[in-house]
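Please read them alongside the sequence and the coordinates.

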Amino acid sequence: MSELEDFLKRHNVPEEVVQNIIAEQISEEVINMMSDTELKTFLPAYGHRKLVREFCLMRAPSTSKQEASKQSLLEKIRSQIFRGNKNDEESVVHTKKKIKYNSEKSTRNIEMGWLHEDGNKIVQVRSKKGGGTRKLTVEKSAMKQELIEAAQKVFFPNGFSPKGNIEDFDFDLLDFKHNEYPPDISISQILNSTKVKVLRFYLKSERKNINGMYII
């Protein structure tokens, strides 16, 4: 038997009224939220309603308890916000350190692909044919010719590739839009002008044309 049920019976509330309240699961918390009109549906007698209302209010959490609970919740929220801000600050510091570290390094990671000019069209050489995208680490001071030589080492190991001997081709260096780079530009200059995190280049190859004939 609940304390509310015991209270109702001790104050001579009719049994059918008590059972109806129990059946409808009317608890002390629910009564505290009900208007007098709503409560009258279950407790027709004004005197009973008055007694029950006072009983439920007395058993409700005190203002001090509510305030303590509210303060506890606020402290939790403040703690979460503080931890979140601290994590954000640590993340910013970590990012700044990473940026500073990258800016101080003398090398840079780049991506290198391979394009081959065949007649009037330029096609990208796929991995299964010795091409694909390669990750290279180069000096920031590296110039165009040095990048071409670095690409030749990975696409023409020991001077050979599935397309033939390195001596049979002319080479150039293109950007991601397939535009040629001038010979006097360095990685640092490209980084400063593009502001991209990872530079992508293409080694462009074309069979040498000797006396109007392509080497096959």
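**Notes on helix packing**

1. The model is predicted. The buried residues of α8 pack against β1 (107-118), β3 (134-139), α7 (144-155) and β7 (199-207).

2. Helix α8 covers residues 187-194, and its buried residues are I187, I190 and L191. Viewed down the axis of α8, these buried residues fall within an arc of 100 degrees, so they line one face of the helix.

3. What does the face of α8 turned away from its buried side carry? N192 and S193 are found there, and both are exposed.

4. Just after α8, the backbone at K195 should be noted: K195 takes a positive phi of about 60 degrees.

5. A separate point concerns the helix pair α1 (residues 3-10) and α2 (residues 15-23). These helices pack with their axes 10 Å apart, at an angle of about 165 degrees. With the cut-off for that description at over 145 degrees, α1 and α2 are therefore roughly antiparallel to each other. Their crossing is right-handed.

6. Which residues make the contact of α1 with α2? From α1 come E5, L8 and K9, which meet E15, V18, Q19, I21 and I22 in α2. The residues of this contact divide into 4 nonpolar, 1 polar and 3 charged.

Note on methods:
Residues are numbered from 1 along each chain as its sequence is written. This is a predicted model: local features need pLDDT of at least 70, side-chain atom pairs count only at pLDDT 80 or more; totals for chains, interfaces and linings use all residues. Side-chain values use heavy atoms; hydrogens and water are left out. Buried means under 20% relative accessible area, exposed over 50%, partly exposed in between (1.4 Å probe, protein chains only). Helices (H or I, at least four residues) and strands (E, at least two) are DSSP runs, numbered from the N terminus. The arc is that of the directions from the helix axis to the C-beta atoms. Contact means heavy atoms within 4.5 Å. Axes are lines fitted to C-alpha atoms, for helices over the stretch in contact, and angles run from 0 to 180 degrees between N-to-C directions. Angles under 35 degrees count as roughly parallel, over 145 as roughly antiparallel, 65 to 115 as roughly perpendicular and the rest as oblique. A crossing is left-handed if the near helix is turned anticlockwise from the far one by less than a right angle, and right-handed if clockwise. Ala, Val, Leu, Ile, Met, Phe, Trp, Tyr, Cys and Pro count as nonpolar, Asp, Glu, Lys and Arg as charged, and the others, Gly among them, as polar.
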